[in-house]
Each structure stands twice: as structure tokens, then as C-alpha cells.
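Morning, everyone. Please bring the model up on your screens, and I will walk you through it.

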Amino acid sequence: MLNPSKQFAQIALVTLLLVGCVLVLRGFVAAILFAAVICIATWPAYALLLRKLKRRQVLSATLMTLALTIIFVAPLTLITLSLAEGVSLAVEKIGPLLQQGLPRHPPDFLRTLPFIGERIDAYWNNIAGSREEISRLLRQAIDPARGVLLQTGGLIGNALLQLALVVFIAFFFYRDGEAIAGLLRTGSRRLGGELGEHLLEASRNTVMGVMVGIVGTAAGQALVALIGFVIAGVPGALLLAAGTFFLSMVPIGPPLLWGGAAWWLYDQGELGWAIFMVIWGLLVISSIDNFLKPFLISKTASLPLLLIALGVFGGALAFGLIGVFLGPTLLALGLMLAQHWTSPQTPAPPQPEI
């Protein structure tokens with residue numbers, strides 16, 4: 001038996017080793033967890049591919065990684081390029097205003113508004129007659145817009161880097177996934193026995209349920225967005241709906257598309273359809289996420305709807321995007337532990353008297 005000093009030294013060494021590992025991997029925790037979530041959700045497809053390719057793990061993992069690149073990285077790259085093009089078009093629209101100024105009178109629908117139409121007309125005339133006033137107002141609008149665009153560009157660039165890292169890590173998770181799963185099952189069994197195995201299975205089911213909820217919500221948003229684009233007569237409705245599907249995972253994603261469609265309609269002189277597009281986007285496209293995602297997750301993961309909603313929103317606030325998966329999973333494990341501890345224990349059978 002080890003003496004206390006040696007035990008203390010071993011515990012200190014193991015603690016220092018764990019702390020060092022955490023410090024090294026701290027910046028990659030989100031990417032590692034997200035890669036694990038994607039691999040868990042797509043594992044049935046990988047298992048099928050592995051059987052078709054006669055257990056060639058490296059080739060199967062490479063093909064799955066290429067598929068993830070096409071599905072996730074390529075669309076976000078195209079969106080980034082489209083955003084840059086949209087910014088240049090906006091600059092081209094603003095340039096003539098600085099040189100030529102505004103028309104002398106506002107549009108008729110503004111002039112005829114009750115109560116405020118005359119004030120708008122007078123204020124418009126004041127601005128239109130002064131190029132300095134136009135420049136001042138545009139500068140006031142451009143400075144915040146520039147900040148928002150810079151932040152958005154930074155977020156998209158960071159998202160591209162994170163996704164590239166996620167795809168890179170996912171390759172190794174696919175290749176060594178069976179061995180990793182075996183280690184997890186062995187560790188959970190040693191730590192918690194039968195309960196540990198149940199917790200591991202609950203984690204997998206919850207992650208699958210959250211992924212189903214996210215993909216199902218994205219499909220729902222894309223469908224209602226397609227309906228709105230077709231009704232309003234927006235060109236490229238199918239392509240915009242596909243973009244809505246991918247951007248639905250980002251909180252400000254869908255408004256970038258339906259807001260751009262509304263602006264295009266307004267620029268074409270279709271004010272009524274532009275207003276319809278804004279209302280449809282706010283009340284239908286963006287609102288469907290608030291109830292459809294928790295509903296789908298609760299049906300798939302067999303968890304109460306309240307816990308799912310709290311887990312999704314609370315996890316996102318606490319951990320960011322990966323918190324959408326971590327929140328419900330942690331609450332599911334907590335619920336299982338609470339049910340295990342509070343369930344009535346089956347009394348042991350009476351021992352025969354000697």
C-alpha cells in the first residue's frame with residue numbers, strides 16, 4: 001500500500017496533467033464538441049458507407065469529410081462572397097445621393113400619410129435642398145452600418161475557420177469512432193455501472209434529437225420562405241430558400257435573405273409586396289423557430305418540452321452555438337439522475353431466519 005506522501009504526489013501529478021491538457025485544448029473545445037455532435041448525428045450514414053466500402057475506414061472518413069465540406073463550408077463561402085457583393089452594390093446606390101441629392105419631394109405614399117405626411121414632406125424638402133444635410137445624415141447611418149458589417153464579416157470569417165477546424169477534427173472522429181465509442185462505454189460502465197451506460201445512451205439520444213430539431217426547423221423555415229418568395233414574385237426563390245435552410249442555424253441568418261428580398265422589391269417599386277415580405281419574414285419565417293425546434297426535439301429525445309426549450313435557449317446563452325446541443329443534453333442527464341435518485345428503491349427480499 002502506498003504511503004500518504006506518494007499518494008499525494010500521484011494525485012498532484014494527475015491534476016497538473018489534466019489542467020495542462022485543458023489549457024492546451026481550451027481554444028478548441030467548441031470545435032471538438034461540435035465535430036462530435038456532427039459525427040454522432042451522421043454516424044448511420046458513415047456506417048452504411050463503411051459497409052459499402054468493405055470496412056475501409058480512411059477512405060470512408062475521407063468521403064464523409066468531403067461531404068461535410070460541401071454541405072457546410074462551401075455554402076457559407078458563397079454567402080460571404082454574396083455579402084461582399086451586396087455591400088459594393090449598396091455603396092454604388094449611396095454614391096449618386098451624395099453627388100445629385102434627393103428628389104425635391106418624397107414619394108406620394110409618405111406625403112399622404114395622415115397626421116405626419118405634412119411633417120415628412122417639410123423635413124424632406126429641408127434635407128433635399130441641402131447637400132451638407134444629406135451628407136451628415138448618410139454619415140450618421142453609414143458609421144453604424146460599417147460597424148455592423150465589420151462585425152458580421154468577422155463573425156462569418158470566424159465561422160469559416162471554425163467550420164474548417166470542425167471538418168478536420170470530424171475526419172479523425174469518423175476514422176476512430178468505433179474505438180472512441182468503446183472507450184466511452186467502458187469508462188461510463190466503470191464510473192457509474194448500469195446508470196453510467198444509461199447516461200451515455202441518453203446523451204446520444206438527446207444529441208440526435210437536437211440535430212433532428214435543428215434540421216427539421218431549417219427545413220420548415222426554408223419551406224415557408226419559399227412560399228413567401230413565390231407569392232411576392234422574388235426571382236431565384238428556390239435558391240433563396242436553400243440559403244434560408246443553411247442560414248437558419250445562425251440567429252440573424254434568415255433576416256439577411258428575406259430582408260434583402262424586401263429591399264429588392266422596394267427598389268423595384270413594389271412597396272406593397274416589400275411590406276408583405278417584411279411581415280411574412282417577421283411573423284412566419286423567423287417566428288417558426290421559436291416553437292418548431294423545441295417541439296421536434298421533445299418528440300425525438302423524449303424529454304419534456306419545457307426542459308428542451310430551457311436547454312436550447314439557456315445553453316445558447318451560456319455556451320454559444322454549441323450550447324444548443326449542450327443545454328438539452330445536460331438537462332437530460334440531470335433529469336435522469338434526479339429520477340434515479342428519487343425513484344422508490346425495490347426492497348430487498350427478506351433473508352430466511354436461521
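Confidence comes first. The mean pLDDT of the protein chain is 76, and 71% of its residues reach 70 or more; pLDDT is the predictor's confidence in each residue, from 0 to 100. In the protein chain, helix α4, residues 108–111, has the lowest confidence, with a mean of 62. Helix α10 has the highest, at 87.

Now the ground rules. This is a predicted model, where local features need pLDDT of at least 70, side-chain atom pairs count only at pLDDT 80 or more, and totals for chains, interfaces and linings use all residues. Residues are numbered from 1 along each chain as its sequence is written, and side-chain values use heavy atoms, with hydrogens and water left out.

Next, the overall fold. The protein chain has 13 helices and 0 strands. Both are DSSP runs numbered from the N terminus: helices are H or I with at least four residues, strands are E with at least two. Of the 354 residues in the protein chain, 29% count as buried. Buried means under 20% relative accessible area, exposed means over 50%, and partly exposed is in between, with a 1.4 Å probe and protein chains only. Contacts mean heavy atoms within 4.5 Å. Among contacts in the protein chain with a separation of 6 or more, 63% join residues 24 or more positions apart. The protein chain exposes about 22400 Å², and carbon and sulfur atoms supply 71% of that. Those areas come from the Shrake-Rupley method with a 1.4 Å probe; for residues, only the protein chains shown count as cover.

Lys54 has a positive phi near 55°, and it is not a glycine. Arg55 is not a glycine either, yet its phi is positive, at about 65°. Lys54 is exposed, at 69% relative accessible area. Arg55 is partly exposed, at 47% relative accessibility.

Follow the chain into helix α3, residues 57–100, where Ser60 is found. Is Ser60 buried or exposed? Ser60 has 0% relative accessibility, so it counts as buried. Leaving out residues up to four places away in sequence, Ser60 touches Tyr46, Leu49, Leu50 and Leu53.

Tyr46 comes up again. Trp43, Tyr46 and Tyr174 form one aromatic cluster. The pairing rule takes rings of Phe, Tyr and Trp (its six-membered ring) with centres within 6.5 Å; planes under 30 degrees apart are stacked, over 60 edge-to-face, and the rest tilted. By this rule there are 8 aromatic pairs. Take Trp273 and Phe276: ring centres 5.5 Å apart, planes at 90°, so the pair is edge-to-face. Those two are 3 residues apart in helix α10, so about one helical turn separates them. Trp273 is partly exposed, at 36% relative accessibility. Phe276 is partly exposed too, at 23% relative accessible area. Phe276 also pairs with Trp280: the centres are 5.7 Å apart and the planes at 35°, so this pair is tilted. Phe276 and Trp280 are 4 residues apart in α10, again about one helical turn. An α-helix has 3.6 residues a turn, so residues three or four places apart point the same way.

Now helix α8. Its buried residues include Ala237, Leu240, Ala241, Gly243, Thr244 and Leu247.

Last stop, helix α9, residues 253–267. At 1.5 Å a residue, its 15 residues should span 21 Å, and the end C-alpha atoms are 22 Å apart, which agrees. The expected span is 1.5 Å times one less than the number of residues. Gly253, Pro254, Leu257, Trp258, Ala261, Ala262 and Leu265 are buried in α9. What covers them? The cover includes α7 (177–232), α8 (237–247) and α10 (271–285). Just after α9, Gly269 takes a positive phi of about 85°.
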